[in-house]
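Reader: Hi! Could you walk me through a strand and some ring contacts in this one?

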Amino acid sequence: MKLSQYSYDLNPELLAKYPADNRDESRMLVLHRKSGKIEHRIFKDILDYFDENDVFVFNNTKVFPARLYGNKEKTGAEIEIFLLRELNKDLRLWDVLVDPARKIRIGNKLYFGDDDALVAEVIDNTTSRGRTLRFLYDGSYEEFREVLKQMGHIPIPKWIRERAEEIDEERYQTIYATEEGAVAAPTAGLHFSKHLLKRMEIKGVESAFVTLHVGLGNFRSVDVEDLTKHKMDSEQIFISEEAAEMVNKAKREGRKVCAIGTTVQRTMESSVSTTGMLKPYEGWTNKFIFSPYDFSVANAMVSNFHLPESTQLMMVAAFGGYDQVMNAYKVAIEEGYRFGTYGDAMLILDD
């Protein structure tokens with residue numbers, strides 16, 4: 001498969017700038033991947049397709065306030081940094097993106113907050129936009145993280161930042177987010193409401209939780225036509241014994257295992273036994289999934305509508321079938337579905 005095969009025309013007006021009034025009332029396109037049949041439903045109808053002892057697998061990562069605004073020493077130029085990865089908690093070292101990057105060099109000091117409460121020094125240039133910072137903070141690690149949290153902003157994508165941030169801080173998290181460490185939300189999970197989770201519980205549909213801390217690499221553009229040459233950035237994942245056993249029990253019993261989003265698919269496919277069972281794991285993954293690919297764990301999937309040439313679209317097409325998924329996207333555009341982070345959902349079923 002080539003990058004150009006995942007290009008399609010998307011009217012910018014279809015990019016959702018606002019979330020639905022209620023989480024579970026987005027539209028939902030249902031794709032039956034074997035027959036190619038398409039249905040148009042509302043997301044809260046999802047339980048019509050699942051039975052007792054089926055399993056939904058969620059990513060319980062939580063977005064942290066990764067965007068900081070500050071000023072460069074001497075010139076006072078405004079800068080924005082995006083915290084990507086903590087490298088060393090004792091030395092306060094972080095990999096970050098800097099905007100504008102061209103004016104920030106090794107040795108520069110950056111100041112954040114009122115009265116320059118937090119200072120960082122640039123100690124390495126890692127990429128054209130990336131830098132490694134050492135935060136100069138004398139307090140305890142817990143105090144330092146609290147200062148970062150107070151000064152930081154939830155890194156909501158720029159095209160949806162028109163909304164008041166206090167509203168987005170709540171809506172740009174899943175309601176089951178518990179493990180802080182992501183710089184972006186796992187968007188398929190944003191459709192689940194407390195009421196829907198309660199209905200799942202009453203129906204006997206089980207919930208398993210894994211963790212993938214979404215990094216910026218999940219959204220890095222692909223700039224090679226030959227997809228085998230694209231390298232994904234590593235992201236941290238956790239799969240507990242409890243989650244693995246819940247999923248494997250459903251597989252042994254021939255139940256549905258539904259991956260809620262591409263991050264869940266990547267997590268599960270990164271730790272699979274030779275017999276196709278999910279293994280507990282704690283570590284990192286840089287797995288890049290695109291067609292052709294045989295999925296081992298999930299036989300159903302929920303996804304948002306992703307942007308052209310994105311790695312998420314490539315994975316969804318690998319799961320649902322390239323022709324079926326690209327046709328579903330064509331139908332979604334014709335029907336006015338909303339795309340992107342706050343957009344509508346697609347449910348892919350194995351029938």
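Reader: Which residue stands opposite Phe-112 in E8?
Author: Gly-70 does. Before going on: this is a predicted model, where local features need pLDDT of at least 70, side-chain atom pairs count only at pLDDT 80 or more, and totals for chains, interfaces and linings use all residues. Residues are numbered from 1 along each chain as its sequence is written, and side-chain values use heavy atoms, leaving out hydrogens and water.

Reader: Thanks! How many bridges join strand E5 to E8?
Author: There are 3, with E5 (residues 67-72) and E8 running antiparallel. Strands here are DSSP runs of at least two residues, numbered from the N terminus, and two of them pair if DSSP finds at least two bridges between them. E8 is also joined to strand E9 (residues 118-125) by 4 bridges, again antiparallel, and Lys-109 stands opposite Glu-121 there.

Reader: Switching to rings: how many aromatic pairs are there?
Author: The count is 22, taking Phe, Tyr and Trp (its six-membered ring) with centres within 6.5 Å; planes under 30 degrees apart are stacked, over 60 edge-to-face, the rest tilted. Phe-56 and Phe-58 make an edge-to-face pair, 6.2 Å centre to centre with 65 degrees between the planes. Both are buried, meaning under 20% relative accessible area with a 1.4 Å probe, protein chains only.

Reader: And why is the pair of Phe-305 and Phe-339 called tilted?
Author: Because their planes are at 35 degrees, with the centres 5.1 Å apart.

Terms used
Buried means under 20% relative accessible area, exposed over 50%, partly exposed in between (1.4 Å probe, protein chains only).
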